[in-house]
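Colleague: Please take a close look at one part of this model for me. I would like the strand pairing and the aromatic contacts, step by step.

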Amino acid sequence: MASREFILETLTRQGVPVAEQDLERLLHIAPQDREAFAKRIAAMERDGEIMRNRRNAICVVAKLDLVRGRVQGHPDGFGFLVRDDGGPDLFLGAKEMREGLHGDRGVARIAGADRRGRPEGKIVEVLERGQSRLVGRLHREHGICHVTAEDQRVSHEFLVPPDAVGGAQPGQVVTVEIVAQPSKHAQPVARVIEVLGNYADPGMEIEIALRKHALPHVFARAAEDQCARLPNEVTPEDRAGRTDLTGLPLVTIDGESAKDFDDAVYCEPAPAGKGREAGWRLIVAIADVSHYVKHGDALDRDARERGNSVYFPRRVIPMLPEKLSNGLCSLNPDVLRLAVVCDMHIAADGDIASYRFYPAVFRSHARLTYTEVAAMLQDERGEAARRRHALLPHVRNLHRLYRLLAKARERRGAIDFETIETEMQFDAHGKIARIVPVRRNDAHRVIEECMLAANVCASDFLHDAEHPMLYRIHEGPTPEKLAMLREFLKGFGLQLSGGDDPHARDYAKLLARVKDRPDAQLLQTVMLRSLQQAVYSPDNVGHFGLAYESYTHFTSPIRRYPDLLVHRAIKAVPEGRTYDAGDWAALGVHCSETERR
């Protein structure tokens, strides 16, 4: 069978549109191969590599001055074609958007420029529809029903025939299935497949968000069945071959509302030994999710599709069923749990001198909160410290180690954005009562530095073993964003050092200079937005913001799929095998997209 490349080359050589029968003759397609050839041609049409003209002859899209891309709608009715080739987006007027929906893939022709000088496009063909279902509100006017989408980027009204209303009442929120897609001459048609309820019902905003962003929120029956077969607690067979850490007072430190506990920590002074200087021993125990969720099983398929847990106010859409995320894998206090442990020796200057990974069984000695730990550190004779007096020395050790790690971070030149997050507090009816600021304290920073250290070790371990993995990469600013940032800073009499290739320490120096200014929050926000988003990728380009040459995610396998992949890879190395997760590049794109979603 002729490859796609050879088909395109043959069409290009002809220089004119070619009928399908003539193309078969040019490529010497045997009669028995015609069906397979027709499928390949259809796939190339679907992917926008070729298209048919009005006489049904086949043309090469690249030679027609056409561009492929994804339609991005705007609430005001116009839109853009975000090009696959990375070129400037094409403006699509409201007239062009009549036959295209937000999320569609299409082919467009460049048709000059609009009044603002933006390249303007005309949709030639819609290759692939981006939406088959959507959530919206049902309206009835003059006896005719229609649905307006909750996603404001979809500006069409969807007609709903009388026999397709499904019992929904005007004003209710519904999920519809698109029966007929829009065209230049007709509105789209849909039918109601789910009635969610009234717009003001408690929790309705969550139900809308789940469907608006296509968040998987129901586990497959096979995953539920697999989960039901798992034990309710750690069995003697599970403990076999694992290091027993039940005697060490490991603790979890999380927010008050946390329910799934991925990580537990312990720290003690480490005296000088054979070829080793004095320092600290830091143990980070991470829930061993990979012991229960195996590659390709039903739980793994659902976890891969979700990519991560999603946290709503008062509700969580977990990556794993509750029996695992809040039970068997959650490091709850005073129960046996399985873990993958990163056991580190931190030198007196805060650098990681050595580390090792091993499977363990342990028991969390306490579930501490950030507020509680901060109070213990602030007043070692206060109520919180007295209540946890047996753990106070260990908390104190963690805090001393944090100070060393923070100094090492400063030497490295990492950026430390001090953001103020917000917490929404709700009344008994599920409505927002107030929004309060949440400031990071030293307890947050202690755990953050411990997790960073373990993640660095995981990355280093797999990198040295030359094992494929998903790195957590963060690239510096693009030339365009850097120029915009410098122009903005100039208006404040400020300058970012580093020339055309600034490093994280250049950002850190500027942040230190402005931290006491009244406009520090504004300046920090603009600096943060000049950087690119961190993503997952098998190609290591380092982490700009943290100033690491190599970094990955290891510490949250209950709620992040990339961490689960890293656990499997770490286990494979000492066994002398390679964990094959599939297409690592595609996995990186998928996990980055689910995180952004």
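Modeller: Strand β22 (residues 421-426) and strand β23 (residues 432-438) run antiparallel and are joined by 6 bridges. This is a predicted model. Glu421 faces Val438 of β23 across the pairing. The hairpin of β22 and β23 has 5 residues between the strands. There, Gly430 adopts a positive phi near 80°.

Now the rings. The model holds 10 aromatic pairs. One of them is Tyr355 with Phe357, an edge-to-face pair. Their centres are 5.8 Å apart, with 70° between the planes. How exposed is Tyr355? Tyr355 is partly exposed, because its relative accessible area is 24% and the buried class requires under 20%. Phe357 has 16% relative accessibility, so Phe357 counts as buried.

Phe357 also pairs with Phe554. The ring centres lie 5.4 Å apart and the planes meet at 80°; planes over 60 degrees apart count as edge-to-face, so this pair is edge-to-face.

The charged end of Arg137 sits over the ring of Tyr199, 4.2 Å from the ring centre. Arg472 places its charged end over the ring of Tyr536, 4.6 Å from the centre.

Conventions
Residues numbered from 1 in each chain as written. Predicted model: local features only at pLDDT ≥ 70, side-chain atom pairs only at ≥ 80, totals over all residues. Heavy atoms only, no water. Pairing = 2+ DSSP bridges. Helix = DSSP H or I, 4+ residues; strand = E, 2+ residues; numbered from the N terminus. Phe/Tyr/Trp six-rings, centres within 6.5 Å; stacked < 30°, edge-to-face > 60°. Buried < 20%, exposed > 50% of the residue type's maximum accessible area, 1.4 Å probe, protein only. Lys NZ or Arg CZ within 6 Å of the ring centre and 35° of its normal.
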